[in-house]
Amino acid sequence: MRFPNCLFAIPVLWIIFLNEQFLFAQEKWCFKPLLSNPYEARIGSMYQFSNRKLRLDIGNTFELFNVVNRDSFNANIGVDFFTLTLLRAEGNFKFPVETTDFFFGVNSTFYLKKSNNYNYSFRIRIAHISSHLSDGLSINSIFTREPFTYSREFFETIVCFEIEKFRIYFGGNYVFSALPKDVVKLIPQLGFDYEVELRKWLKFLVGNDTKLTGYNNSYYLTWSFQATFLLHQLMNKGVGINLNYFEGKSIYGMFYKEKDSYFAIGFQLFFY
């Protein structure tokens, strides 16, 4: 993947981002995506300094149908479609693609307002992830590591308790089908998001996400942290500058037994 070729995509993405007919701002989400959870639909990228890798996320979450719309309770049905792509920085604006994970699923989201100070939100989703090696890990058309079939289908439940701009959440995944078979079936999850309005056009967001993932009946702690400065009044959309830290087993299926540890900086487009 060569950088000059990517330049042609920039004006196209910018037109789509600004055009309400292509992408709509979801102003009344029942459940906002978790800020630092790696398995959320995003449009953005980050450069990982410690290992000279580039993470590219392409996709979005849409709450499509409003099932219940009341003052104190809302329920929506939506979809998630996105990719998680890992590229290697080689200099001269060359970024060979090493692996790509494909995520798609359906979700139900709920919002329960208890008072002006606190409320609850929930998300249930059923999803599929598959992972594939790419030509960036090959020499003369031969992969430098052996590819294998990786996929998992899971049922996820997340429960959030919100106090004004602070949100704490817990839940997890139950993996009901997976290849390889040694992937753990239950993945607990805990985290928080916090939002501060610095100006009418500028917000500061911070989030922390922890999971227990693993294989062969062994569990390992995965920790993901993100801080974002969000310019949020561009046609009800926003552009964020992200600082990230990740520690734990790789989020990419092809490398699910390998440990990752890195600081990263990047950008993200927000639609809420």
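A charge sits over a ring if NZ of Lys or CZ of Arg is within 6 Å of the ring centre and within 35 degrees of the ring normal. Two such contacts are listed here.

| Charged residue | Ring | Distance from the ring centre |
|---|---|---|
| R152 | Y39 | 5.3 Å |
| K249 | Y220 | 4.5 Å |

This is a predicted model, in which local features need pLDDT of at least 70 and side-chain atom pairs count only at pLDDT 80 or more, while totals for chains, interfaces and linings use all residues. Residues are numbered from 1 along each chain as its sequence is written, and side-chain values use heavy atoms, with hydrogens and water left out.

The whole structure holds 18 aromatic pairs (Phe, Tyr or Trp rings, the six-membered one for Trp, with centres within 6.5 Å; stacked under 30 degrees between planes, edge-to-face over 60, otherwise tilted). F246 and Y262 are a stacked pair, with 5.5 Å between centres and 20° between planes. The pair links distant parts of the chain, 16 residues apart: F246 lies in strand β13 (residues 237–249) and Y262 in strand β14 (residues 259–270). Strands are DSSP runs of E, at least two residues long, numbered from the N terminus.

Y219 is found in strand β12, and counts as partly exposed because its relative accessibility is 41%.

Terms used:
Helices (H or I, at least four residues) and strands (E, at least two) are DSSP runs, numbered from the N terminus. Buried means under 20% relative accessible area, exposed over 50%, partly exposed in between (1.4 Å probe, protein chains only).
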